[in-house]
Amino acid sequence: MRCQYTKEEEKDDDDEEEDMPPKFVKQEQQIKGDMAEKVLVVGGGGREHALAWKLAQSPQVQQVLVAPGNAGTAGCGKICNSEVSVSNHAILAQFCKDHHVGLVVVGPEVPLAAGMVDDLTAAGVPCFGPSAKAAQLEASKSFSKAFMERHGIPTARYGSFTAPEEACNYIRTADFPALVVKASGLAAGKGVIVAGDREEACRAVMDIMKDRAFGSAGETVVVEELLEGEEVSCLCFSDGSSVSPMPPAQDHKRLQDGDLGPNTGGMGAYCPTPQVSQELLQQIRDTVLQKTVDGMREEGTPYVGVLYAGLMLTKQGLKVLEFNCRFGDPECQVLLPLLKSDLYEVILNTMSGKLVSSAPVWHQDSSAVTVVMASAGYPGSYKKGVEITGLSQVQDSGVQVFHAGTALKEGGVVSSGGRVLTVTAVRPSLESALQAANQGVAAVGFPGAVYRRDIGHRAIAHLNPDRRGLTYKGCGVDIAAGNKLVEMIKPLAKATSRPGCNAELGGFAGLFDLKGAGFVDPILVSGTDGVGTKLRIAQACGRHGGLGQDLVAMCVNDVLAQGAEPLFFLDYFSCGRLDVDVAAAVVGGVAAACKVAGCALLGGETAEMPGVYAAGEYDLAGFCVGAVERGALLPRLGDIQEGDLLVGLASSGVHSNGFSLVSKVLQRANLEYSSPALFADSGRTVGDVLLTPTKIYSRLLLPILRSGAVKAFAHITGGGLLENIPRVLPQDLAVDLDASRWSIPPVFSWIHKEGGLSEEEMARTFNCGLGAVLVVAPEDAQTVLCQFKPNEEAWIVGSLVHKQQGAKQVVVRNLKHRLQVGRTAPSFHSNGEMPRKRTRVAVLISGTGTNLQALIEQAKHPSSSAEIVVVISNRPGVLGLKKASLAGIQTRVVDHKLYGSRTEFDGTIDRVLEEFGVELVCLAGFMRILTGSFVKKWNGKLLNIHPSLLPSFKGMNAQKQALQAGVRVTGCTVHFVAEEVDAGAIIVQESVPVLAGDTEESLSDRIREAEHRAFPAALELVASGAVTLREDGRIVWSTNIKTFQRCDKTKLHC
């Protein structure tokens, strides 16, 4: 029987109502507990069939109308379809009044977001579901994420964007895998794309926003962090103030068994989920469901209806993926069969605020499984009108079939949509329910149907751990973590691209075009190395980034010894268990060092080997390939002769060799890595000194090598001075070194004394202050030295002599004396106080860094209170970065063009400052305006220099303003940075006279000279503690600290 209202029947009902007394009509429109009601369900899918099926079981319901309904709701006992328009709310309201409909239950999200509940309620028709404002939790993902942020509801990190370029910048620069792209609006459950990598995520953004894959729903996109864990659906009834949770369920979005294939609207579900314990369900109730309802009420939008929270159970705790404002489909088809209470009464109690006193009751000892049968081709294009048979036999087997995309045609049932049927079974166990549902599916005659056979497989594995199949992750190898690492380092590697190579990761092998790099007749040169037991110090100190430079330097400097230009680099990172953050720090350091060295990070390998390494341990290896034109290969043994001079390049310290011996010395001296390094005049810890990165010499040295002046290059690595220099010499020549000719870092004097090492042991194990040695002709020596200075310390350290038979090939004179002279006990000031620890300084630049060089020179002074630990530029490739690298200072690039907002950009700067333990920041030509929150955080620790005598001539073009004003004196000002531009407290000023005939250029040149004096002076005053900033913005001068010695009181006003 088909019970469907026609227009003629509607007219008859209208006539019948005209005969009723107005009072009776009014009473018919009220929800009354004892009177049999007509209920209208809005929608036409499997969820709506399940709602109608459950409502029809209530003795208080006379009839259930479904609009528009489907073949399953067309005529089944109390249930029948209606042709009433549900898009026109006024017509729908009048229909409900005309046909004495006492309750409307809205199934889908679209009419809820369109305000159906608001309009019907205003017209006097009781309607179950949230208001349009409350439905924003689903209708606008941007609103939903912001709401969760406001109310402290745990969710994935995200960004919301209306411009595709900003969204793609966020994806490429986020320090987490921002791979989930969502259309903010309603997209029929299909507006979420989980990308495999950043490029795919960016393509998804373009598809949604530019190609309008989801129409107006994609005008705003939300980009989220990709979370890992178990996904569950937790729904509840909400009466606006309290919640009543339903049993947790789990949907299966992927099309095929094993969670493979494309995403769909849902291919099946099961309930309850054994992965969610009662304790966890209580936590979900308190921290998500109740918190959401409370938040909506506080914001003036009470939430009444069904609230659906899609959750991910991660290692870091539960996170909300999304909210829906109605029953899920197909979750509804497993939840309602388990509802013991009368659904009609539950809805009445929810709408009247009685959930606390009349909570729904659920079947406790049963499980439900539903399997979706979809059309062939779904979720793409599919054929409609396919005949479906065998439905009555399935019903007779005790399995419930809920119709979705079905229609009646010539007395039979045919398909009319993508998801066509949901076959639901309720049994005592999950496994038996799945078996029954699968048997029901098999009994349906539906040619070409697509369905899954493994619904609930994760729960079954959870319940039967002994039967669970082995996984690679279960054996200790986390491929997902490895993929996450690759995504984090891809942009870092790409930034190292150079002629001949674009440094794109992801292929099976890397490619390099020698012709593209400008080589004509090249010889390839390769080098490989590690960083030895320096690893253990870094792991113990938790400082991993510097190891990347050590690894690159050890390989690149070896390649340089053949006269070759380093072209590309590959790294090998092995561990027992992959810690993505640690690995990213190491490889990030590798990438930064490759940029310094001028070679591309072309690829690498991350090997996770459970049981091979202890927790927290890892090992590194590096591989560098370079090239040199055939005629420029080093060493030129035929040219090397007696009398040639040796030019030594300064090392930064121990570099990366001899650390097994250093560790023994530390044990002998009873020192920890955190102990003060009393042998260093900088006041750093032992760990700080020992982890100083190895110097990379390629950028500075390559032009000198290409000039032809260098006959040989020896990298002083393992084997120290005694074994490395002879490797580049003819057998008949010996080396005569004089240690009094170069500076030996204090760390070597300390090792010599505390270890009781012989002079020969020191020379054979350590570089003793020389990172590299060049062989040059006497007539070229001074030219070569001049090319190194002032960027690198270099000295003529010895010469080549004829080797006598039986004589040593390397003699180092005065080494013992220099080690003893260089040995320093803890030094004291004249007042008996220990020297203060140097202040760790960062310099922010945007260009050439003229003031940067002045600050670097000042920090090199032995008495300086400042140590520049990092230089950060917002523009890549600027000269200031090269100056910092040549000075042995680590650099970072935070390109402002890659960030969607100033806040994101400043946040990244702040994280870099924290990484380096920065205590004071100098802005040296940094051409970005910092946000107020950043300035507040660094209040009293942020210095800037301005080319005028503030408060005069603030802002841009200060020199031009001074000339236009006709002043006779201007100058420069170093001041603390405040939120208002150029308004912070003044530390140092230096006056500069304005001369007759001055131009902007000539005046700027003289002001710049003054800046080179004023900025270092201010740096010393603040770094030493002589000047501090009070909370009220006023400066305090300390009388106990000696002020900067170079402060010329005739010109410099401190």
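Helices (H or I, at least four residues) and strands (E, at least two) are DSSP runs, numbered from the N terminus. This is a predicted model, in which local features need pLDDT of at least 70 and side-chain atom pairs count only at pLDDT 80 or more, while totals for chains, interfaces and linings use all residues. Residues are numbered from 1 along each chain as its sequence is written, and side-chain values use heavy atoms, with hydrogens and water left out.

**Whole chain**

Start with everything selected. The protein has 34 helices and 44 strands. Its C-alpha atoms fill a box of roughly 125 × 70 × 55 Å, taken along the principal axes. Of the 1054 residues, 55% count as buried; buried means under 20% relative accessible area, exposed over 50%, and partly exposed in between (1.4 Å probe, protein chains only). A contact means heavy atoms within 4.5 Å. Among contacts with a separation of 6 or more, 73% are between residues 24 or more positions apart.

**The nonpolar cores**

A nonpolar core is a set of buried Ala, Val, Leu, Ile, Met, Phe, Trp, Tyr and Cys residues joined through side-chain atoms within 4.5 Å. Select Phe-569, Leu-737, Trp-742, Ile-751 and Phe-788: these have the most contacts inside the largest core, which has 114 residues. Helix 20 (residues 580–597) gives the most to this core, with eleven residues. For a second, separate core, select Val-84, Val-104, Cys-127 and Leu-280, which are included in its 47 residues.

Return to Trp-742 and show its surroundings. Leaving out residues up to four places away in sequence, Trp-742 touches Leu-721, Leu-737, Cys-768, Gly-769, Leu-770, Trp-795, Val-797, Val-812 and Arg-818.

**Helix 19 against helix 20**

Next, select residues 545–560, which form helix 19, together with helix 20; their axes come within 6 Å and cross at roughly 45°. Helix 19 is therefore oblique to helix 20. Axes here are lines fitted to C-alpha atoms, for helices over the stretch in contact, and angles run from 0 to 180 degrees between N-to-C directions. Angles under 35 degrees count as roughly parallel, over 145 as roughly antiparallel, 65 to 115 as roughly perpendicular and the rest as oblique.

Which residues in helix 19 and helix 20 meet? On the helix 19 side they are Gly-545, Gly-548, Gln-549, Leu-551, Val-552 and Val-556, and on the helix 20 side Ala-585, Val-586, Gly-589, Val-590, Ala-593, Cys-594 and Ala-597.

Move to Asn-657, in the loop between strand 29 (645–650) and helix 21 (659–668). Asn-657 is buried, with a relative accessible area of 18%. A polar contact is a pair of N or O atoms within 3.5 Å; within protein, one must be able to donate a hydrogen and the other to accept it, and residues adjacent in sequence count only if both atoms are side-chain atoms. The Asn-657 side chain makes one with the side chain of Thr-717 (3.0 Å), and it also reaches the backbone nitrogen of Gly-718 at 3.3 Å.

His-655 is buried at 2% relative accessible area, and has a positive phi of about 60° although it is not a glycine.

**Backbone exceptions**

Most residues other than glycine have a negative phi, and most peptide bonds are trans. Select Asp-259, in the loop between strand 14 (254–256) and strand 15 (260–263). Its phi is near 60°, and at 24% relative accessibility Asp-259 counts as partly exposed.

For cis peptide bonds, select Ala-67 and Pro-68, where omega is near 5°; Pro-68 lies in strand 2 (residues 61–68). Then select Cys-271 and Pro-272, joined by a cis bond with omega near -5°. Pro-272 is in the loop between strand 16 (268–271) and helix 11 (278–298).

**Two last selections**

Gln-63 also lies in strand 2. Draw a distance from its C-alpha atom to that of Lys-78, 15 residues apart along the chain: the separation is 4.8 Å.

Finish at Asp-1032, in the loop between strand 42 (1027–1029) and strand 43 (1035–1037). Asp-1032 is partly exposed, with a relative accessible area of 48%. Its side chain makes a polar contact with the side chain of Arg-1030 (2.6 Å), and a polar atom of that Asp-1032 side chain lies 3.0 Å from the backbone nitrogen of Arg-1034.
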